[in-house]
Amino acid sequence: MRILNMPMVILNLVALALMCDSAFGQERAESYYRNYRPEYGTPLERLKRDVKRSLGQPAPTLVFQNIRTGRSDTLSSLRGKVVLLNSWSTACSPCVTEMPDLSSLQGQYGERGLVVLTMSSQNKETVSEFLDRTKIKVGGIDAVVPWTNLVWPFQATFNPSGYIIDRNGLVRAFWTGQKSYEGLRKTILRFVRRRHRHH
């Protein structure tokens with residue numbers, strides 16, 4: 001990469017991605033930064049535009065390992081539920097800060113069909129040790145997904161970030177960065193009120 005020719009905002013975004021131990025993926029990330037053109041917006045702006053193209057579309061196949069049970073499962077097995085898919089890392093302070101809010105949401109709306117699925121691209125041992133040491137309990141499902149098994153758009157997320165997948169398995173919302181409890185609550189409330197549409 002020709003780093004010396006990059007504007008400072010791009011260097012900051014590179015540092016942010018590295019510090020947050022993102023699930024962005026080295027090859028795709030380098031492509032975003034290498035092909036940067038001011039008229040196209042920053043890499044993060046381009047990323048958001050790309051991911052927004054998936055809104056209203058069926059969520060792609062995602063296989064994850066439940067940390068608590070050790071079992072592998074799929075996103076499609078949660079059809080009929082509203083899934084708040086949260087991408088996080090143990091090295092990302094904002095990710096850890098919002099964990100209590102995610103736990104509260106699961107407790108408040110779990111009976112109405114919400115499943116908080118916290119997804120990390122780190123290995124199971126690292127995440128399990130962190131959760132045991134910090135005593136963080138999110139509720140829902142704590143899962144790990146090797147980056148090589150992630151598919152677009154889940155391959156292109158900075159930590160923390162989130163998706164809403166509705167009861168019919170469609171991607172309905174996407175955001176990056178830490179959200180307040182009220183912001184998260186308002187986002188999910190639109191979807192937990194809706195019924196599953198049978199085909």
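Predicted model: local features only at pLDDT ≥ 70, side-chain atom pairs only at ≥ 80, totals over all residues.
Over the chain, the mean pLDDT is 78, and 69% of the residues reach 70 or more.

The sheet comes next. It is open and mixed in its pairing, and its 7 strands follow the order β2-β1-β5-β4-β3-β6-β7. Strands β2 (72-74) and β7 (171-176) stand at the edges; each has a single partner strand, so one side of each is left without a neighbour in the sheet. From one strand to the next, the twist averages 30 degrees.

In general, the strands of a sheet pair through backbone hydrogen bonds, and this pairing is either parallel or antiparallel. Here, β6 (residues 161-165) pairs with β7 in the antiparallel sense, over 5 bridges. I164 stands opposite A173 of β7.

Helix α5 (residues 99-109) lies across β3 (82-87) and β4 (114-120). The helix runs at about 150 degrees to β4.

| Residue | Relative accessibility | Class |
|---|---|---|
| C92 | 1% | buried |
| C95 | 0% | buried |

C92 counts as buried because its relative accessibility of 1% falls under the 20% cut-off. The value of 0% places C95 under that 20% limit as well.

Definitions and conventions. Residues numbered from 1 in each chain as written. Heavy atoms only, no water. Buried < 20%, exposed > 50% of the residue type's maximum accessible area, 1.4 Å probe, protein only. pLDDT = per-residue confidence, 0-100. Pairing = 2+ DSSP bridges. Helix = DSSP H or I, 4+ residues; strand = E, 2+ residues; numbered from the N terminus. Axes fitted to C-alpha atoms, helices over the stretch in contact; angles between N-to-C directions. Contact = heavy atoms within 4.5 Å.
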